[in-house]
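Please read it alongside the sequence and structure shown here.

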Amino acid sequence: MTERDHTANLLGALSLVVADRMTDSVAEAAGRSLTAATALSALCQFLDGPSVDLLRQVLGLTHSGTVRLVDRLAADGYLTREPGVDGRSVTISLTAKGKRVGERVSAARGEVLGGVLATLTEAERAALDGVVAKLLAGLKRGPGATRWICRLCDLQACGRAEGRCPFVPASSS
């Protein structure tokens, strides 16, 4: 085994434990599935009146799966639907109840990630920040990608407005 293999294995194990903890935490915060929690968070954080198709792209679902999710969330009072711009599409907006749950999801995610980083010193966190940003920049997806990498991001924490997001330069936001 090479050092690279060892590092890759550690990264894989870390990815799984963080994903598992985050999945459990955000689903519990929403009282719904991970997909529903992700939809509510994305609508709260950065999707402003998206179409069903845009939400589908963000979540990586089929059109029919997204419609069923929207139906469930609307029936539970988390969002509303309005006619879209072209008469065939529908735009989605969070209700006050949906916004509260979306904020809880973001907070739960932040608590998990903060807990993961709690064992690091400030210097270690700064070094990790640079390494993770470089890794993420190398994983950037092209236009039209589904299952957006930023679908659960906290836009305040990512530093997007200051040009610190590895995906969106400050001049593009």
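Lysine 97 sits over the face of tyrosine 78, at 4.9 Å from the ring centre. A charge is counted as over a ring if NZ of Lys or CZ of Arg is within 6 Å of the ring centre and within 35 degrees of the ring normal. The model is predicted: local features need pLDDT of at least 70, side-chain atom pairs count only at pLDDT 80 or more, and totals for chains, interfaces and linings use all residues. Residues are numbered from 1 along each chain as its sequence is written, and side-chain values use heavy atoms, with hydrogens and water left out.

**Aromatic pairs**

- The count of aromatic pairs is zero.
- For that count, rings of Phe, Tyr and Trp (its six-membered ring) pair if their centres lie within 6.5 Å; planes under 30 degrees apart count as stacked, over 60 as edge-to-face and the rest as tilted.

**Salt bridges**

- The structure holds five salt bridges, each defined as a side-chain nitrogen of Lys or Arg within 4 Å of a carboxyl oxygen of Asp or Glu.
- Aspartate 76 pairs with arginine 32 in one of them, with the closest N and O atoms 2.9 Å apart.
- Aspartate 76 lies in the loop between α4 (63-75) and β1 (79-83) and arginine 32 in the loop between α1 and α2 (34-45), so this pair ties together parts that are 44 residues apart in sequence.
- Helices (H or I, at least four residues) and strands (E, at least two) are DSSP runs, numbered from the N terminus.
- Aspartate 76 is partly exposed at 30% relative accessibility, and arginine 32 is partly exposed at 27%.
- Buried means under 20% relative accessible area, exposed over 50%, and partly exposed in between (1.4 Å probe, protein chains only).
- Aspartate 71 and arginine 81 also form a salt bridge, at 2.6 Å from N to O.
- This pair links distant parts of the chain, with aspartate 71 in helix α4 and arginine 81 in strand β1, 10 residues apart.
- Aspartate 71 is partly exposed at 32%, as is arginine 81 at 39%.

**Helix α3**

- Arginine 56 is buried at 19% relative accessibility, whereas aspartate 53 is partly exposed at 37%.
- Six of the eight residues of α3 are buried, namely Val52, Leu55, Arg56, Gln57, Val58 and Leu59.
- The buried residues of α3 pack against α2, α4 and β2 (90-94), where contact means heavy atoms within 4.5 Å.

**Nonpolar surface patch**

- Leu11, Leu14, Val17, Leu128, Val131, Val132 and Leu135 make a nonpolar surface patch of about 540 Å².
- Patches are made of residues with over 30% relative accessible area and no salt bridge: like charges are joined within 9 Å, nonpolar side chains (Val, Leu, Ile, Met, Phe, Trp, Tyr) within 5 Å.
- Accessible areas come from the Shrake-Rupley method with a 1.4 Å probe, and for residues only the protein chains shown count as cover.
- The elements giving two or more residues to the patch are α1 and α6 (122-138), and α6 gives the most, with four.
- Leucine 14 is in helix α1 (residues 3-30) and is partly exposed at 44%.
- Valine 132 is in helix α6 and is partly exposed at 34%.
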